[in-house]
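Please report on the cavity, the sheet and the helix packing of the structure below. Keep it brief and give the cut-offs.

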Amino acid sequence: MRKRKILILSITIVAVALILETCILKYVNDKNAQTTSNVLLDRVISVIDKNESSESEFVKSLKDDYIVRAKAISYIVDAKPEVEYDVDELQKIAGLMSVDEIHFIDDTGTIYSGSLPKYFGYSFDSGEQMAFFKQMLNNYDLTLCQDVTPNTAEAKEMMYAITWNESKTHMIQVGITPKRLLKELKQNQISNVVADMPVYKGMEIFVVNTTTKKIEGATNRTKIGNTLTNVNASSKMQRIVLDHKKCKCISRKHGNYLVAVTMEESVNSSSNIVAILIVGIYLTLASCLLVLMLSRVLKEKYEKEKYMYTSNTDELTKCFNRRAYDSDMEKLDLNTKWAYISLDLNGLKKANDTLGHSAGDELICAASNCMKFAFASYGKIYRIGGDEFVVLIQESVSNIDSILQVFDTTIHDWHGKYSDSISISYGVVQSCEQSFDSVQEISKLADERMYKSKSEYYNISDNDLRRSHNE
């Protein structure tokens, strides 16, 4: 009887455990699916917004640049009127100004001269692309730049900018093939961006045009162009049938798009069955195994995190070390906006020689603490040598002057145990201040500016020292 009761109790415990395990797994899977889906939705929407913003800013900057080029060519021709009908000279000017075409247009809107004679005779009435500039005929102060448009003659993707010359006798139009813009627009297409996004097995991302119901972006490229009509915008988990498979779905409307993330239910179902079988078979050993496995996992995770921390962290200052600096420098992109700051302590050798290495260590740690206070919220701080530091600012770069003011104030207010003050020379270079060929060129320029600041510091210090001796 007792064995029977124990057997019944064991079976009951196993049954209850399996039911509880099933409920927990279902809850956890639904919760994880919802959390993961929301993270993916946020990522897709963020990418869409960023792409639209960067595209519009890039196009605007190109238009401003092309109008400037058109005006520059107008000034050149006004200064040398003999080149107005000289095709060879105009082609040379086009090469000099980095434009593909130059056209001279009279006050009727007809091309009468330029670098490409095959376009002579075309006018603002020749087609839709040319008609865009008709408004120039009624406003002599107007300048225009057209979006990327197939031109009237050959349907080439071009951008045209136009302006009146100084005496308002004719218009100068330049045409440019915006290769970089076209490449970037292609890369930023929703179909390409979404297709490159990583997802878990059984998950898919869709970006649907709410007007046409057509799929414009999907992690599975084969589904682009298909219609998706059985998904409505909802922050709650929906259950739908997609390609004859039961799926969980979370979606969100954003502008003209409906962004949806789906997950096949069968993926979780198969893993649930395996988990339930394991729990049923090994229930008596589960707690011991769980503790053992958990302790090993935590130990491995701790050891891994400890190794990663120590291998990338300077022991004295707890800043990132040279290894982390070299790794991060390889990831920098010259097309993005960031700032490189080269820093070096002034008078460290003197402090070591006169006050001892404890005083030198105090200055090094003080320098790193001042940098952390001023820069840590905006980027990373590296100690790459004895008293050499580098700061990479990748947030709020436009506010670099105010950030540096905080740093200067922090240095000025510092007082230590061995030293009353600290001095740090630094040089700052922003990636956008000129055209650089490499990140190493930026670091070299920052070092030059830092050494110039250091030289000025020591010149002032020597003058003060001589003045005090004379007195």
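The largest cavity is lined by H103, I111, Y119, Y122, Q129, M130, N151, T152, A153, Y160 and Q173. A cavity here is a set of points, on a 1 Å grid over the protein atoms alone, where a 1.4 Å probe fits but cannot get out; lining residues have an atom within 4 Å of a point. The volume of this largest cavity is about 90 Å³. Volume is the space filled by probe spheres set on the points, with grid points joined across faces, edges and corners. Searching the whole structure gives one cavity of 30 Å³ or more. The lining has six nonpolar, five polar and no charged residues. Ala, Val, Leu, Ile, Met, Phe, Trp, Tyr, Cys and Pro count as nonpolar, Asp, Glu, Lys and Arg as charged, and the others, Gly among them, as polar.

The model is predicted: local features need pLDDT of at least 70, side-chain atom pairs count only at pLDDT 80 or more, and totals for chains, interfaces and linings use all residues. Residues are numbered from 1 along each chain as its sequence is written, and side-chain values use heavy atoms, leaving out hydrogens and water.

Next, the sheet. Its four strands run in the order β13-β14-β12-β15, open and antiparallel. Strands (E, at least two residues) and helices (H or I, at least four) are DSSP runs, numbered from the N terminus. Two strands pair if DSSP finds at least two bridges between them. At the edges are β13 (379–383) and β15 (424–430), each pairing on one side only. From one strand to the next, the twist averages 15 degrees. Strands β12 (residues 339–345) and β14 (residues 388–393) share six bridges. L343 sits opposite F389 in β14.

Helix α11 (residues 400–413) lies across β12, β14 and β15, at about 170 degrees to β15. Axes are lines fitted to C-alpha atoms, for helices over the stretch in contact; angles run from 0 to 180 degrees between N-to-C directions. Contact means heavy atoms within 4.5 Å.

| Helix pair | Axis distance | Angle |
|---|---|---|
| α9 and α10 | within 6 Å | roughly 150 degrees |
| α10 and α11 | 9 Å | about 145 degrees |

On the α10 side, C370, M371, F373, A374 and F375 meet I403, L404, V406, F407, T410 and I411 of α11. That contact has ten nonpolar, one polar and no charged residues.

Technical notes
1 Å grid on protein atoms, 1.4 Å probe; cavity = no way out; pocket = protein on both sides within 12 Å on 5 of 7 lines; lining within 4 Å.
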